[in-house]
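Have the viewer open while you read.

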Amino acid sequence: MDFADTRYNRQELMPQLGPEAQIRLQQARVASIGAGGVKSPLLYYLAAAGIGTLRIIDFDHVELSNLNRQILFTVDDIGKSKAERAQDRLTRLNPEIRVEAISERVDEANIDELLGGFDIVIEGGDSLAGRLLVNGYCTRTGASMVHASAQYGYGYVLTYLPGRSACFCCAFPDLPEGHGGSVPVWGVATGIAGSLGAGEVVKLAAGVGRPIINGYLSFSAFQGKFDFVPVEPRSDCPGCCL
Amino acid sequence: MPLTVGLRGYPEAVLAADAITLDLPGTSTASAIIQGLAAKSARLRHALLREDGTPRQSSKVLVDGTPIAHASVLPSSGTVTVLAALPCDG
């Protein structure tokens with residue numbers, strides 16, 4: 001076999017992907033709410049894999065304390081828009097894709113406008129209410145949702161396929177609100193969650209493999225442990241009413 | 001009776017421990033395990049229990065890696081683990 005020095009050669013050689021799946025990745029439209037710790041590696045891998053259109057929505061600005069894990073950014077980015085700096089970094093990694101930056105907070109008033117037309121939504125945000133808002137949007141529109149989160153040294157990943165699988169609310173029906181303030185977190189944990197989340201998006205976009213549905217994958221980085229926790233769709237779930 | 005309980009997720013993070021020993025009655029339910037663990041810290045109580053003191057549905061007890069219902073009595077053997085969430089994108 002001749003060596004081919006093309007951008008996607010190494011993944012096109014994989015039987016699970018190949019050139020046809022690569023075309024599907026190029027046609028995919030993926031929106032990410034946030035460009036922080038988990039989304040940094042996640043977005044890097046999506047851009048590198050050739051996801052055709054990436055929309056990054058993040059109202060926040062880069063701070064020094066972000067840099068232990070938010071590997072999209074450098075000290076030169078401090079004080080600047082995360083969405084715009086992520087757009088610049090990802091476009092330089094892969095100028096063959098379209099990367100859009102929106103420096104806004106997603107809320108009930110703008111969610112349809114910001115996420116409309118995107119096949120896959122990478123859920124995120126800094127509050128439980130925000131997560132449930134996105135979960136509800138995906139239920140209403142049928143967009144697939146990938147959840148990847150981390151704090152301390154642990155995290156969770158799950159995919160929600162509306163009408164076909166348990167949603168975020170089925171999995172976590174009565175979560176407390178967070179404590180507020182600075183979240184203790186290690187870059188390794190956000191890296192694991194982001195990498196697994198990128199894998200979910202690529203599988204969905206390419207139409208290959210098995211997404212993490214009807215349950216969630218939990219990991220503890222300090223322990224080196226992974227657990228899949230099964231979740232049944234709940235008929236009384238206010239998030240999806242399956 | 002002392003019972004070693006493995007910790008995953010938020011409990012492991014807060015206590016910085018792989019496992020903890022709880023002193024429980026001979027016959028205990030999954031709920032009793034969660035409530036015993038919650039008594040170790042105010043932050044765990046907030047994460048694991050509702051305001052009325054009952055376990056949140058999001059607080060899981062796994063026996064040999066399989067979740068059991070909160071009302072279930074723990075089997076006489078098997079590895080018991082509590083996994084609880086406070087999902088947050090750090």
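## Ground rules

Two strands pair if DSSP finds at least two bridges between them. Helices (H or I, at least four residues) and strands (E, at least two) are DSSP runs, numbered from the N terminus.

The model is predicted, with local features needing pLDDT of at least 70 and side-chain atom pairs counting only at pLDDT 80 or more, while totals for chains, interfaces and linings use all residues. Residues are numbered from 1 along each chain as its sequence is written, and chains are lettered from A and ligands numbered from 1 in the order in which they are written.

## The sheet

In chain A, eight strands form an open sheet with mixed pairing, in the order β3-β2-β1-β4-β5-β6-β7-β8. Its edges are β3 (98–102) and β8 (225–230) of chain A, each pairing on one side only.

Look at β1 (residues 29–33) and β2 (residues 53–57) of chain A: they run parallel and are joined by five bridges. Here A:Val30 stands opposite A:Leu54 in β2(A).

Helices α2 (residues 18–27) and α8 (residues 187–206) of chain A pack at about 105 degrees, their axes 8 Å apart. Axes are lines fitted to C-alpha atoms, for helices over the stretch in contact, and angles run from 0 to 180 degrees between N-to-C directions. So α2(A) and α8(A) are roughly perpendicular (65 to 115 degrees).

A:Ala21, A:Arg24 and A:Leu25 in α2(A) meet A:Val202, A:Ala205 and A:Ala206 in α8(A), where contact means C-beta atoms, placed from the backbone, within 7 Å.

Methods
Parallel < 35°, antiparallel > 145°, perpendicular 65-115°, else oblique. Contact = placed C-beta atoms within 7 Å.
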